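The sequence and structure come next.

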Amino acid sequence: MTVTVQRAEFITSYADPAGLPRGGPAEIVLVGRSNVGKSSLVNTLAGRRNLARKSATPGKTRLLNYYLLEFRLGGRRRRLHLVDAPGYGYAKAPRSERRRFDALMTGLLDPQRDLVAGAVQIFDSRHPARDNDLEAWDWLAEQELPRIAVMTKTDKLSNNQRARSRSAFARALGLEPLIFSAVDGSGRHELWTAMTGLLDAFTSDPDNAANDGDDHAET
Ligand code: GTP
Ligand code: MG
């Protein structure tokens with residue numbers, strides 16, 4: 001089974017949680033420390049080089065960036081909003097910036113919106129999870145969001161290092177991470193499959209019936 005991305009579009013950026021969509025396709029939010037490779041992962045999933053801009057200056061992405069993706073997997077066509085969240089843990093970020101990040105995430109997960117099917121948290125495979133990675137991971141669990149863990153930049157590791165890194169993350173997170181690389185494309189299919197699982201679980205919940213991935217109504 002292969003995945004075909006039929007449409008990939010940058011929709012818009014939100015600086016203010018009050019303006020976030022109140023309807024439309026289910027959302028999957030990408031979380032990870034600044035510079036970990038979130039935008040690169042969006043591009044790899046979409047199969048586009050420059051859909052999401054890679055930042056030369058870490059911590060530059062301070063908005064919620066919405067991407068619409070339509071894809072076909074397992075004979076079914078689905079759509080979602082992939083939400084590239086601002087990277088946390090940027091050392092130079094002032095306190096006001098961090099408060100804004102918290103407000104954006106809280107707004108995104110506002111139960112009144114009820115659009116977020118789950119979260120993909122991205123970890124740098126070359127380093128152990130840091131305190132703020134684990135804080136974010138636990139926070140997502142507290143929000144009762146289904147989570148997928150991805151370790152990226154695995155093209156930089158030997159097979160041996162990759163296996164060791166994966167067990168270390170599995171122990172720290174309590175969940176086996178997917179192995180990913182934006183450079184060689186490994187893990188792309190596995191991540192699409194895992195995300196499809198999140199979408200299917202979300203849309204099959206009667207509470208979320210209005211957010212069916214097959215709904216082609218414009219947002
Ligand atoms: P912010 O938006 O600043 O939080 O960063 P980000 O998480 O979106 O990271 P981005 O995708 O901009 O990537 C940061 C740097 O890591 C860039 O120089 C990328 O080229 C590099 N990078 C991202 N993914 C990979 C990967 O899988 N392998 C390698 N070798 N480099 C990567
Ligand atoms: Mg980015």
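How exposed is Asn 35? Asn 35 is partly exposed, with a relative accessible area of 43% (buried is under 20% relative accessible area, exposed over 50%, partly exposed in between, with a 1.4 Å probe and protein chains only).

## Basis

This is a predicted model, in which local features need pLDDT of at least 70, side-chain atom pairs count only at pLDDT 80 or more, and totals for chains, interfaces and linings use all residues. Residues are numbered from 1 along each chain as its sequence is written, chains are lettered from A and ligands numbered from 1 in the order written, and side-chain values use heavy atoms, without hydrogens and water.

## Positive phi in two loops

Asn 35 sits in the loop between strand 2 (27-32) and helix 1 (38-46); helices (H or I, at least four residues) and strands (E, at least two) are DSSP runs, numbered from the N terminus. The phi of Asn 35 is positive, near 75°. Most residues other than glycine have a negative phi.

Lys 153 also has a positive phi, about 60°. Lys 153 belongs to the loop between strand 6 (147-152) and helix 4 (159-173), and is partly exposed at 21% relative accessible area.

## Strand 3 and its partners

Nine of the 10 residues of strand 3 (64-73) are buried. Strand 3 runs antiparallel to strand 1 (4-14), joined by nine bridges, and antiparallel to strand 4 (76-84), also with nine bridges; strands pair if DSSP finds at least two bridges between them. Phe 71 of strand 3 stands opposite Val 5, and its bridge partner in strand 4 is Arg 78.
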